[in-house]
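Trainee: I'd like to learn how to read a structure like this one. Can we take it feature by feature?

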Amino acid sequence: MKIQEIWPGPMEGIGRNGFIRAATGLRLVERWMTPFIRVTGSVPAAGKLFRMVEEYLSGVVPVTIQIMGNDPEALGECAAKLLAFPHVEGINLNCGCPSLRVVRHHSGGGMLRHPEKLAEFCRKIAVFLPPEKLSVKVRSGFENPDDMEIFLPELSESGVISKIFFHYRTVTEMYSSSPLPERVNRIARAVKLCGDVPVIANGDISSVSDGESLVAATGAAGIMIARPWMRDPFLLRRFHDNLTADEETGRQLFMVELRREGIRGGALIELAKMLWGSKSEHFRQIMAEEGY
Ligand SMILES: Cc1cc2nc3c(=O)[nH]c(=O)nc-3n(C[C@H](O)[C@H](O)[C@H](O)COP(=O)(O)O)c2cc1C
């Protein structure tokens, strides 16, 4: 089965600079979604915004820039500036971040505390953009996954949302370590509630067979993978090319490329920890090579 859209999940604090160049250079992704840009108060000047995302824009793949905030006019103004940059194909509104600081400011996952207000909030942002440019990344609810019964139909009928990225957990479920048993049911329900608006399924997709069976069982239009991609850098590529590097070869190739891009010391060690785990021989060896 060929899945149409395979997305790398945005990861604030990880996807920066040499990492992005290394992933782009090895053609590990077909598209990017950036981590969120927080818009609080005044909208940054275009030059400052460009510097925040320029590594993503330096490749040839299309880029969706994610924004987060609680002021729809400021978000709309910011989105319009970002959309003018090269390779940017869309803007995504983060409605899922569970960080307490973010939630307290009624942005990210905090927006799902009032599911009935989300569609109107998006309409106010969309006023600043051409049609088909705004998507959202949501969870299934704040505390209760039944809340998606309210906000998903409203978002899909709003006429301003081109795509819905759906992380199946609720905000209060945070990043619970193993997949929840109701993953398939929640995603299948989300696809139904979204009608004609494509749903990109997200959460704990760790292999090609898992991704394919999830799409077959739910009718999702595509998938997004974040943490498992960090442990298996060629995972996204493998969906369309089953001759690509296996997990271990992929980790080693990626490490070579990260070094070639100039990543050293603590930053390299952090990445090695994600790739192999802190108890692995590889991790210890890279620590020693970096003089730690
Ligand atoms: C360290 C870290 C940073 C993240 N940063 C973002 C972010 O900036 N924007 C976002 O929408 N999701 C962010 N996420 C959530 C992931 O994109 C994804 O939705 C979540 O990890 C579930 O998918 P997975 O099981 O494939 O990891 C982050 C997750 C992690 C672990």
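Trainee: How are helices H12 and H13 oriented to each other, roughly parallel or roughly antiparallel?

Mentor: Start with the angle between the axes. Over 145 degrees counts as roughly antiparallel. This is a predicted model. In it, H12 (residues 265-276) and H13 (residues 281-289) pack at about 170°, with axes 9 Å apart. The two are therefore roughly antiparallel.

Trainee: Which residues make the contact?

Mentor: H12 supplies Leu 268, Ile 269, Ala 272, Lys 273 and Trp 276. H13 supplies His 282, Phe 283, Ile 286 and Met 287. Sort the residues of this contact by class: 7 are nonpolar, 1 is polar and 1 is charged.

Trainee: Next, helix H6. Which of its residues are buried?

Mentor: To judge burial, count neighbours: a residue is buried if 20 or more other C-beta atoms lie within 10 Å of its own. In H6 (residues 148-157), the buried residues are Met 148, Phe 151, Leu 152 and Leu 155. They span an arc of only 100° around the axis, so they sit on the same side of H6.

Trainee: What covers them?

Mentor: The cover includes helices H5 (118-126) and H7 (183-193), plus strands S5 (134-139) and S6 (164-167). Look just past H6 too: Gly 159 has a positive phi of about 80°.

Trainee: And the ligand? How many residues surround it?

Mentor: List the shell, then sort it. Here 22 residues surround the ligand, and the closest are Gly 9, Glu 12, Pro 35, Ala 226 and Arg 227. Strand S2 (32-39) and helix H9 (227-231) each give at least two shell residues. By class, the shell has 10 nonpolar, 8 polar and 4 charged residues.

Terms used: Residues numbered from 1 in each chain as written. Predicted model: local features only at pLDDT ≥ 70, side-chain atom pairs only at ≥ 80, totals over all residues. Axes fitted to C-alpha atoms, helices over the stretch in contact; angles between N-to-C directions. Helix = DSSP H or I, 4+ residues; strand = E, 2+ residues; numbered from the N terminus. Parallel < 35°, antiparallel > 145°, perpendicular 65-115°, else oblique. Contact = placed C-beta atoms within 7 Å. Nonpolar A, V, L, I, M, F, W, Y, C, P; charged D, E, K, R; others polar. Near = placed C-beta within 6 Å. Buried ≥ 20, exposed ≤ 12 C-beta atoms within 10 Å, placed from the backbone. Arc of directions from axis to C-beta.
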